[in-house]
Structure formats: C-alpha cells, structure tokens
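Student: Could you walk me through how to read a few features of a protein model? I'd like the general idea, then the real case.

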Amino acid sequence: MIERALILDGYTDEPAGLGVPPYIGIYPRYAYGVLDKYNVDVDYITIDKFREIRNNFDLNKYDAIICICGFHTPGKYLNANPATLKEFVSILYKYDGIKILGGPAATKYGSSMIGGKIVDEKKYKEFFDVVAEGDLEAVLKELLENKSIENIDFNVHRSYEELREYAIRGAKVVKKHPNYPYIIAEIETYRGCSRALTGGCSFCTEPRRFGLPKFRDEKSIIEEIKALYNEGIRYFRIGRQPCIYSYKAIDSEKEEVPKPNVEAIEKLFKGIWNVSNPKVLHIDNANPAVIARHEDESREITKILVKYCTSGNVAAFGVESFDEKVIKANNLLTTPEDVLKAVEILNEIGGKRGETGLPYLLPGINLLFGLKGESKRTFSINFEYLKEIYDKGFMIRRINIRQVVPFFGTDISLKDVKKAEKRKKLFLWFKEKIREEIDNKMLKRVVPKGTILKDVFVELKDKENLYFGRQFGSYPILVGIKDKNLKIGQFVDIEVVDYGRRSITGKVIRTKTN
C-alpha cells in the first residue's frame, strides 16, 4: 500500500525533547527507521527547506506523507520557523495520498503556543487520515503490516525492545537533513516520571502520558549513537528524559525522589565514548530535588558528566517557582533549599572552564508563571532567590521565563491562564527586570571579557552586515560578530569584547576550514 513516503518535519519542542534545527528530534528518526524496515522508499525534508522549493515539489509522487510538529515549550529560534497544523493543511489540501500526523500535535495534549497565544488545533487534525495519538513509529508499523488504515489503533505504543531497530535504522535520515552534518541529535534515555506516584506537577504532561519511568537499556542508546556517528553526526544531546540524574534510578517506581544509579550513568556515558568521538556531548533536564536530597550520588554523577561530556554543558532545572504557596498548590515538590544546594553542587564540580571557553557544567533555571496560588508576591520571591544565587557568587547559564500552557489532562485550566492574564504587565515587567538585573550580570560572570569561545558556527547575517553565530550544544550563547570577511556556515574562534542582555559581541581571532 505504501511504497514511497515523505517525512515533512515541521519541528517539535517539548519539556523533554527538542527537534528544531540545529537539532533533529526523535520523531523523524524513529519514523524513518520503521519505514526503512518495511522497505518503504523514504524522503525527508524540513518545513523550511520545503517552503523554499514548494512550487517545484511534486507531493503526489508519494503514497503517504508524514507530517511532524508540536510545541509545548516554544522558544525563539535563530534560524528556523516551525510549522503549524494550519500550514500543513494548506500544503496538503490537494494531496491525494495518505495524510499522517505525528509528534506532540497528534496527541490529546496537542494544544500549542503560537505567537504567544494558546491555540487548540483540534479542527485541523480531522483533515488527516491517520493521527498518531500514541507513538508515531508504532502506528506506522501497524499501518504497514495491515496495509490499510481500517481498524488501526492510533494510540498504540512501542516497547524499547522494538525501538532499538528503528533507532538504528533511522540514523540514516540525518544525511537528508539540509543542515547535515551540522545538526545535533537529540537522544532518548527514558520516559515517564517518578512523580507520577502523586500525580506529578500540575502543568506537566510527562507523568500523564507515560506514567512511571520506563528506561531504555544503555546498550541500545550506545548502539544508536554509534549508528548516528557512523552516518557523520558529531553533536549529541542526551536530552529526551525528565531528569538525567534519575536514569535507571533505584526504586524509581516507589520513590518520588529516587536514589540515582551512579553505575548505570557511568556505563552509559563511558559507553558513548567507546563507540564515538563526539565534538559535543551534552545533557538537558535535571531535577534539583534529586541532586540535593541524594548529594553523595549526585556529586559522583556530576563528576561523571564533567569527565565524559564536553564543556558548555547545561543541566536545566525545572524550578518553576520559589514561592512555597505555588510549590504546594501545584505539587512541585522541589524546595528553594533544594535548588540552592543543587546550584552549589554543580558550580563546585562543573564550574571549571573547559576547551570550548565555557564552564563544563552549569545549571539553568526554568521559571513558570500562571500557576495556581500565584500572587504579586510570587514575582518578588522569585527575584529575591535569583538575586541570592547571584550574590553568593554562583553561575547560572540561563534563566528561562515562560507562561504556563493548559494541556489536556493536567490540573491547569484555561480559567487559571485567564486569571494569570490579569498579571500580564507584571509578568513582562518581571521578565525585563531579570534580563536587566540578573541575566546581564550573570553572562559577564560566565563569559568575562577576553574569554575565547572556540568553534562558533556562523548562522545568520542581518541587513547591517552583522553576523550571528553560536557554538553547538545545549542553550548556546548568541554571538554577534562584525567582520566583513565572514561566511555563513563557517566556524570561528572569537574573543568576548562586549555584551547584550543575553548575548555577547565577539571579535574573530581565528577562522577555521570546515
């Protein structure tokens, strides 16, 4: 039934997983893997590339088109413009084949933040013949085996045993990416959360979608990285999980704050180096409560991450709020004391500067507004704790401030969001205050003037001949460069000479041949 298919990647951004260039997410790779297993001739294209060549692109040569998108934690993207379901509908309006939707937008948690507004795209889902509410790769397997969309379970899930082959086969898709080889592969280690024992944080979909943690075996992860490395990928982020410190944690199905498994994490990261020589190896999410309440094990894991990961690494802490009333009302669990302790541990062990010019491993802090129990005082409390972190001499790589989105099945409703809208001016004022009084000072601490940042990749040029570039990795710092001799797509080493609020100005000291 399906002999030729197209994967149209509209990008994804979730609390535990990123698929916006320069990242390539798990969805297109896994989908490619299962299609390849069943001998389907597969093409892949990003939405940005498709827009460039749309008028000369024949969609009807494909038996099926798989559209991937969905944004639960949208950010600002330097060189990418994500797709919406509405755009997919306009693209496929006259297409005659099987229309398949995958990614976060396909699930019942599919509302998105578009242009700062919550958009329920449910009506656009009806346009698709197949909506993969479960795992896209598992739904595709059912479809390919049954050779019909009749009686297909759109909510089917795959096991990690099944995923192993898809992940390895799917590595081949990276060569079809327009940014190849300058892309970062997002790697999944597990899904689900120990906090499912008590329902999890009020706003979070992870424990509701996946329940308690189900861990992927170290060997399977290492084999996927080996396959990606053999295809030419040199940049990796072990980012698709709620907390890297909780990978294979002891009693993860019995304890909300499980004891970290030092041996498993060392086996994983050491194994990655045994099969590859990555230019970048980073992580993403980490639970500060786990780090603070299991200090001995977490110190050992932090040392492992410093030893095996490349510098410039960031552990994103889902703090959400320092206000104890908000913490209690939203079942956040992590206390301000947990956060301060975790920040201290990462600074002590990961604060040393590495080869890239950045410290090896620093915390990032996520703050979320619009939660239950929030008041005007919440903003003051959050500011005071951030100021305390700065005043104590610690480094934070970045502070992410956003507003909550009410997803299906969570404890946050539209009513809560509308209530928070009354504090919109306060939210914007707070964000500006942090950018001016914390972010800029912290940036100067993390990258003092005279710091040499190596391997900055030049990505963009504006109308005034100002170039913008970033290092590859988690939450890279934006670098503005004035140099008429630069070219898009080249690497340079720069010296830090000045600062924006969240960016730096660099002077080229060395250009490199790619």
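Tutor: We'll go through helix packing, salt bridges and some backbone details. This is a predicted model, so here local features need pLDDT of at least 70 and side-chain atom pairs count only at pLDDT 80 or more, while totals for chains, interfaces and linings use all residues. Residues are numbered from 1 along each chain as its sequence is written, and side-chain values use heavy atoms, with hydrogens and water left out.

Student: Helices first, then. At what angle do helix 9 and helix 11 pack?

Tutor: Two packed helices are described by the angle between their axes and the distance between the axes. Axes are lines fitted to C-alpha atoms, for helices over the stretch in contact, and angles run from 0 to 180 degrees between N-to-C directions. Helices (H or I, at least four residues) and strands (E, at least two) are DSSP runs, numbered from the N terminus. Here, helix 9 (residues 262–275) and helix 11 (residues 295–308) pack at about 5 degrees, with axes 10 Å apart. Helix 9 and helix 11 are therefore roughly parallel (angles under 35 degrees count as roughly parallel, over 145 as roughly antiparallel, 65 to 115 as roughly perpendicular and the rest as oblique).

Student: Which residues make the contact?

Tutor: Contact means heavy atoms within 4.5 Å. Helix 9 brings Val262, Ile265, Glu266, Phe269, Lys270 and Trp273, and helix 11 brings Glu297, Glu300, Ile301, Ile304, Leu305 and Tyr308.

Student: And how many of them are nonpolar, polar or charged?

Tutor: The contact has 8 nonpolar residues, 4 charged and no polar ones. The classes are: Ala, Val, Leu, Ile, Met, Phe, Trp, Tyr, Cys and Pro nonpolar; Asp, Glu, Lys and Arg charged; the others, Gly among them, polar.

Student: On to charges. How many salt bridges are there in the whole structure?

Tutor: Side chains of opposite charge can pair when their charged atoms come close. The cut-off is a side-chain nitrogen of Lys or Arg within 4 Å of a carboxyl oxygen of Asp or Glu, and a search of the whole structure finds 47 salt bridges. One of them pairs glutamate 14 with arginine 209, with the closest N and O atoms 3.1 Å apart. Glutamate 14 sits in strand 1 (residues 4–14) and arginine 209 in helix 7 (residues 206–210), 195 residues apart.

Student: Is glutamate 14 buried or exposed?

Tutor: Buried, with a relative accessible area of 8% (buried means under 20%, exposed over 50%, partly exposed in between, using a 1.4 Å probe and protein chains only).

Student: What does arginine 195 pair with?

Tutor: Arginine 195 forms a salt bridge with glutamate 256, at 2.9 Å between the closest N and O atoms. Arginine 195 is in the loop between strand 11 (190–191) and helix 7, and glutamate 256 in the loop between strand 13 and helix 9, so the pair ties together parts 61 residues apart in sequence. Arginine 195 is buried too, at 4%.

Student: Which peptide bonds are cis?

Tutor: Proline 21 and proline 22 are joined by one, with omega about 15 degrees. Proline 22 lies in the loop between strand 2 (17–18) and strand 3 (23–24). Tyrosine 180 and proline 181 are joined by another, with omega about 5 degrees.
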